[in-house]
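I opened this entry to keep track of what I looked up.

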Amino acid sequence: GVRAANDTGVVHLLEMNSPYTEEKRELDGDSTMIPRADDLEKEQLKRTSGVICVSSSLRDYFIGKHRIPEGKFTILPNAIDPAKLQVSEDEVDGLRSRYALQGKTVVGWVGSIQPWHGIATMIKAYYMLLPEYREQTALMIVGGGESLDEMKALAAEGPEDAQVVFTGYVPHREV
């Protein structure tokens, strides 16, 4: 894309959501293709008109790794619109009732369920809570994706007093 844009004089913006080659290495092990992937990543970052990153940490990672000028980056964090968070107590009570969460502190994840998101680590950490804390809490996983079935299987192996709730995809209003 960046090559075609450069060849035709079109403005090209590149969205970077993760340190891809680092993730690839961590998930799949080292590969003879990683150096080539690093080179292509660097080329894209250098030749694009602008880079959009979800965090300043990710921007700093690419600046340090590939020596890309800071001014080329725009930070556009994943975020919420507080104006859309106006929910009634009745709605909250209804959701707590639907998922049997009354009186519990809920910790969770909202998003796609992919291997690189570390959801397995979150489930295992939840299991490590002392039983008296586990009974006061619930872990809620909202969304779907490639690792959903694997995460459900992991949750099924946990302690009996653990409450891991998978909602699947839900309407935005319920998030």
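**Entry 1: Gln-163**

I began with Gln-163, which sits in the loop between α8 and β6; helices (H or I, at least four residues) and strands (E, at least two) are DSSP runs, numbered from the N terminus. The model is predicted, so I noted that local features need pLDDT of at least 70, that side-chain atom pairs count only at pLDDT 80 or more, and that totals for chains, interfaces and linings use all residues. Residues are numbered from 1 along each chain as its sequence is written, and side-chain values use heavy atoms, with hydrogens and water left out.

Is Gln-163 buried or exposed? Gln-163 counts as buried because its relative accessibility is 16%; the classes are buried under 20% relative accessible area, exposed over 50% and partly exposed in between, with a 1.4 Å probe and protein chains only. I then listed the contacts of Gln-163 (heavy atoms within 4.5 Å). Leaving aside neighbours within four places in sequence, they include Tyr-99, Lys-104 and Tyr-126, and also Thr-137, Ala-138 and Leu-139.

I found 6 of the 6 residues of β5 buried. On one side these are Thr-137, Leu-139 and Ile-141, and on the other Ala-138, Met-140 and Val-142, so that both faces are covered.

Which strands pair with β5? Pairing requires at least two bridges found by DSSP between two strands. β4 and β5 run parallel and are joined by 6 bridges; I noted Gly-108, whose bridge partner in β5 is Met-140. β5 also pairs with β6 (residues 164-168) in the parallel sense, over 4 bridges. Ile-141 has Phe-166 as its bridge partner in β6. From β5 the chain passes through helix α8 (residues 148-156) to β6, a right-handed β-α-β crossover. Right-handed here means that, with the strands pointing away from the viewer, the path from the first strand over the helix to the second runs clockwise.

**Entry 2: Met-151**

I picked Met-151 in helix α8. Met-151 counts as buried because its relative accessibility is 5%. Not counting residues up to four places away in sequence, Met-151 touches Ile-113, Ile-119, Ala-120, Ile-123 and Phe-166. Ile-113 and Met-151 are 38 residues apart in sequence, and their C-alpha atoms are 8.4 Å apart.

**Entry 3: Pockets**

I looked up the pockets last. A pocket is an open set of points on a 1 Å grid over the protein atoms alone, where a 1.4 Å probe fits, with protein on both sides within 12 Å along at least five of seven lines; lining residues have an atom within 4 Å of a point. Volume is the space filled by probe spheres set on the points, which are joined across faces, edges and corners.

The largest pocket has a volume of about 890 Å³. It is lined by 30 residues, and the closest to its centre are Leu-95, His-172, Arg-173, Glu-174 and Val-175. The elements giving two or more residues to this lining are α5 (89-98), β4 (105-110) and β5 (137-142). α5 gives the largest share, 6 residues.

The second largest pocket has a volume of about 180 Å³. I found Leu-14, Met-16, Tyr-20 and Gln-44 among its lining residues. β1 (13-16), α2 (20-28) and α3 (34-47) each give two or more residues to this lining, and α3 gives the most, with 4 residues.
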